[in-house]
Amino acid sequence: MARDLQEQIKKLIIDRRLPPGAVLPTEPDLMELLGASRNSVREALKALQAMGIVEIRHGFGTYVGPMSMAPVIEGLAFRTVAGHYRGEDSLLQLLQLREAVETGLVSRVAGNVPQDDLAALDALVDRMDAQASAGKGLAETDRAFHATLYRGLGNALLSELLEAFWDAFHRVRTDLAELPQDPRVTCRQHREILDAVRSGDAGRAEGAIREHFGHIRTRLTATVPNETIRHPNRHI
C-alpha cells in the first residue's frame, strides 16, 4: 500500500508536469485523490522526501523536491566505504567506474572546452605546481581540475558521480598504502591532459587520463584491508 501511494504521487508529479519547487496538493486533497488515510499519505510523503522527490516544509506545505541524485550517490559512497572496511575491493571498483566514465567523456570535451574553463584549468595546474614546490597536498586541486574539465558538458549526474568517488576516497584515504609519488609527476599528468584536450586530440587525452589513474590504482591494489577490519571505526 505504501509503495503504491508513492507511485501514485510520483505519477501525479509527472502527469501535472510539476517542476522542482512546485506546490503539491495538501494532505486532505491527497487523501481524497488517492483514497488513502492521513497516516498513509504522510508515510508515503516521508519516503519520497528521503529520495529527494518531495520536500516537506512544516507549516508551509509539501513541494516537489530538487530530485537530485544526492541520495543515490550517498548510498554509492556509503556502500563503497562499507565494502572497503569489510576487506572488499569496492573502492577499486568505484575507481574503475570513474576511469571508464572519464576516458569515455574526455574525448567529447577534447577541443570543445570553453576558453574560460581552459583558463581556469591552466590556473589549477599552476596551483598544483606551486603546491608541489611547497610540499603541500594536491588532492583538492586535483578534484577541482576534474570538475572543471567536464562542467561544460552540463551533466549534473556526472558531477555527482565524480563527487561520490572523491567522497569515498577521502573517507578511506588514510588506509591506502603510501607509495612514493613525486607531486611533480601529478602536475605533469594534469598538464598533459589539459594540453591534449586543448589540442583536440581525443586519443592522446584518453591516454593521459589512463596514466593519471595508474598511480591511484596501484595504491588501491597495494592496500592491506586486514588492518582496517581490525579497527573499522578508526578513520571514520
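Okay, let me start with a cut-off: "buried" here means under 20% relative accessible area, "exposed" means over 50%, and "partly exposed" is in between, with a 1.4 Å probe and protein chains only. By that rule D117, at 8% relative accessibility, counts as buried.

Before I go on, what you're looking at is a predicted model, where local features need pLDDT of at least 70, side-chain atom pairs count only at pLDDT 80 or more, and totals for chains, interfaces and linings use all residues. Residues are numbered from 1 along each chain as its sequence is written, and side-chain values use heavy atoms, with hydrogens and water left out.

So, salt bridges. Side chains of opposite charge can pair when their charged atoms come close. I'm calling it a salt bridge when a side-chain nitrogen of Lys or Arg sits within 4 Å of a carboxyl oxygen of Asp or Glu. How many salt bridges does the structure hold? The count is 20.

Back to D117, then. Its partner is R151, and the closest N and O atoms are 2.9 Å apart. D117 belongs to helix α6 (residues 115-133), while R151 is in the loop between α7 (139-150) and α8 (156-172), so this pair ties together parts 34 residues apart in sequence. Helices, by the way, are DSSP runs of H or I with at least four residues, strands are runs of E with at least two, and the numbering goes from the N terminus. R151 comes out at 47% relative accessibility, so call that one partly exposed.

Next pair: R217 and E99, whose side chains meet in a salt bridge at 2.3 Å, N to O. Which parts of the chain does this pair link? R217 is in helix α10 (residues 202-221) and E99 in helix α5 (residues 90-109), distant parts of the chain, 118 residues apart. Buried or exposed, what about E99? E99 is buried, at 9% relative accessible area, and R217 is partly exposed at 26%.

Then there's E88 with R86, another salt bridge, where the closest N and O atoms are 3.1 Å apart. Here R86 counts as exposed at 52% relative accessibility, and E88 as partly exposed at 40%.

R17 has a positive phi of about 55°, although R17 is not a glycine. You'll find R17 in the loop between α1 (2-15) and α2 (27-34), and R17 is exposed, with a relative accessible area of 66%.
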